[in-house]
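Student: I would like to learn how to read a structure feature by feature. Can we take a helix to begin with, and then move on?

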Amino acid sequence: MLNQIWQPSSFQFNACSGANTTTCPAYQIDSATADFGAPDLVSLVLGGDNGQAFVSIVYNCIYIRDIPILRTESCQDAMTNAMMVYNGPLQGNLEAAIQDAQTKNLPLNDTQKRTVLVFGYARFYNTTNPASYCEVDTDYPSPGPDGLRAQINTGVLQLNGIIAAAATTQGATYVDVDAMFEGHRFCDAGADPWFINMPLTGGLATIVDDIENGIGLPPGGLPDSFGIENVADESFHPTLQGQMVYLAAMETALGLRDATSGDVKREVVPGAMGFGERALRMAAIGLALQ
């Protein structure tokens with residue numbers, strides 16, 4: 001969207017769903033086929049699903065938490081393991097990825113790192129409304145201060161703190177989007193959520209229906225793959241409206257949008273943004289927002 005609206009002189013979109021702090025530098029920055037180039041500005045969304053941590057929470061705590069035979073681990077184990085991933089080497093790996101994005105292909109006489117915007121994530125849930133406020137095609141977790149919604153939200157905030165610390169350590173700009181999703185989270189009243197709620201599809205949906213209807217597992221047990229990739233790849237990404245939030249946050253961070261009024265400063269040119277007189281060149285890397 002930024003490419004379409006602001007029309008930089010060059011734009012490279014290398015982000016992909018499922019990227020982590022290992023694959024992002026390897027395939028989106030350093031690979032000869034990445035065509036990373038020498039951008040002036042890099043946007044980075046990374047860290048949310050390192051080690052498939054969040055995918056496991058979505059799968060085991062939300063979609064099939066009440067069907068133990070399908071779970072790959074208990075919900076609590078999924079939450080605990082995610083925190084172990086986030087509190088482990090994640091910050092150091094993020095710092096390395098940010099540094100790579102800041103310095104890759106800089107001219108030899110250029111000692112100034114390029115601008116890198118590192119985005120956080122938004123909390124997914126309203127934690128107080130009952131299940132009747134939630135979309136009906138997903139079995140949403142429990143409300144309340146000690147409920148699973150609150151635990152998942154807390155994990156998002158902890159992750160944001162790690163991402164912000166990594167950005168600050170490397171001299172990059174951390175961009176917080178959480179408050180901008182207020183009123184449009186899952187289970188909010190009277191508004192569509194700005195996150196994708198991917199219904200169960202394919203083999204996984206069939207197996208879940210059979211178990212819930214008392215038919216049981218298919219002959220021969222579970223197949224090697226029964227549709228979890230559909231859930232993992234699509235759910236909880238921002239919708240188009242959610243992506244517009246990320247665009248607005250980026251524009252605000254760059255001084256292209258007034259932080260108080262929200263008005264876009266159409267008169268701002270790349271030179272006024274600190275990129276010199278040349279036209280802006282941009283690259284987007286990390287975890288694709290879909």
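Tutor: Start with helix H5, residues 90–103, in this predicted model. Its 14 residues reach 20 Å from the first C-alpha to the last. That is close to the 20 Å expected at 1.5 Å a residue.

Student: Which residues of H5 are buried?

Tutor: The general idea comes first. An α-helix has 3.6 residues a turn, so residues three or four places apart point the same way. In H5 the buried residues are Leu90, Leu94, Glu95, Ala97, Ile98, Asp100, Ala101 and Gln102.

Student: What is the phi of Asn105, which follows H5?

Tutor: Phi of Asn105 is positive, near 65 degrees.

Student: In what sense do S2 and S3 pair?

Tutor: The sense is parallel, over 5 bridges. Leu44 stands opposite Val118 in S3.

Student: Let us zoom out. How many helices and strands does the chain have?

Tutor: The protein chain has 9 helices and 5 strands. Along the sequence, the pattern is α-β-α-β-α-α-α-β-α-β-α-α-α-β. Of the 290 residues, 47% are buried. The accessible surface comes to about 13500 Å², and carbon and sulfur atoms hold 52% of that surface.

Student: What share of the contacts joins residues 24 or more positions apart?

Tutor: Take the contacts with a separation of 6 or more. Residues 24 or more positions apart account for 73% of them.

Student: How many aromatic pairs does the whole structure hold?

Tutor: A search finds 12. Consider Phe124 and Phe236. Their ring centres are 4.9 Å apart and their planes stand at 90 degrees, so the pair is edge-to-face.

Student: Where do Phe124 and Phe236 lie?

Tutor: Phe124 lies in the loop between strand S3 (115–119) and helix H6 (148–169). Phe236 lies in the loop between helix H8 (228–234) and helix H9 (240–253). The pair therefore ties together parts that are 112 residues apart in sequence. Both Phe124 and Phe236 are buried. They also belong to one aromatic cluster, whose members include Phe54, Tyr125, Trp194 and Tyr246.

Student: What does the side chain of Asn153 do beside Phe124?

Tutor: A polar atom of the Asn153 side chain lies 3.2 Å from the backbone nitrogen of Phe124. Asn153 is found in helix H6. Its relative accessible area is 5%, so Asn153 is buried. Leaving out residues up to four places away in sequence, Asn153 touches Arg123, Phe124, Tyr125 and Thr127.

Student: Is Asn129 buried or exposed?

Tutor: Asn129 counts as buried, at 14% relative accessibility. The cut-off for buried is under 20%. Asn129 lies in the loop between S3 and H6. A polar atom of its side chain lies 2.9 Å from the backbone oxygen of Cys187. Among the contacts of Asn129 beyond four places in sequence are Pro143, Arg149 and Asp188.

Student: And Cys187: what is its phi?

Tutor: Phi of Cys187 is near 75 degrees, a positive value in a residue other than glycine. Cys187 is in the loop between S4 and H7. Cys187 is buried, with a relative accessible area of 4%.

Student: Is Asp192 buried or exposed?

Tutor: Asp192 is exposed, with a relative accessible area of 63%. Asp192 sits in the loop between strand S4 (173–175) and helix H7 (202–212). The C-alpha atoms of Asp192 and Glu135 are 9.4 Å apart, and the two residues are 57 residues apart along the chain.

Student: One last case. Which side chain does Glu251 join in a polar contact?

Tutor: The partner is Arg257, in a contact of 2.6 Å between side chains. Glu251 is found in helix H9. Glu251 is buried, with a relative accessible area of 1%.

Methods. Residues are numbered from 1 along each chain as its sequence is written. This is a predicted model: local features need pLDDT of at least 70, side-chain atom pairs count only at pLDDT 80 or more; totals for chains, interfaces and linings use all residues. Side-chain values use heavy atoms; hydrogens and water are left out. Rings of Phe, Tyr and Trp (its six-membered ring) pair if their centres lie within 6.5 Å; planes under 30 degrees apart count as stacked, over 60 as edge-to-face and the rest as tilted. Helices (H or I, at least four residues) and strands (E, at least two) are DSSP runs, numbered from the N terminus. Buried means under 20% relative accessible area, exposed over 50%, partly exposed in between (1.4 Å probe, protein chains only). A polar contact is a pair of N or O atoms within 3.5 Å; within protein, one must be able to donate a hydrogen and the other to accept it, and residues adjacent in sequence count only if both atoms are side-chain atoms. Contact means heavy atoms within 4.5 Å. Accessible areas come from the Shrake-Rupley method with a 1.4 Å probe; for residues, only the protein chains shown count as cover. The expected span of a helix is 1.5 Å times one less than its number of residues. Two strands pair if DSSP finds at least two bridges between them.
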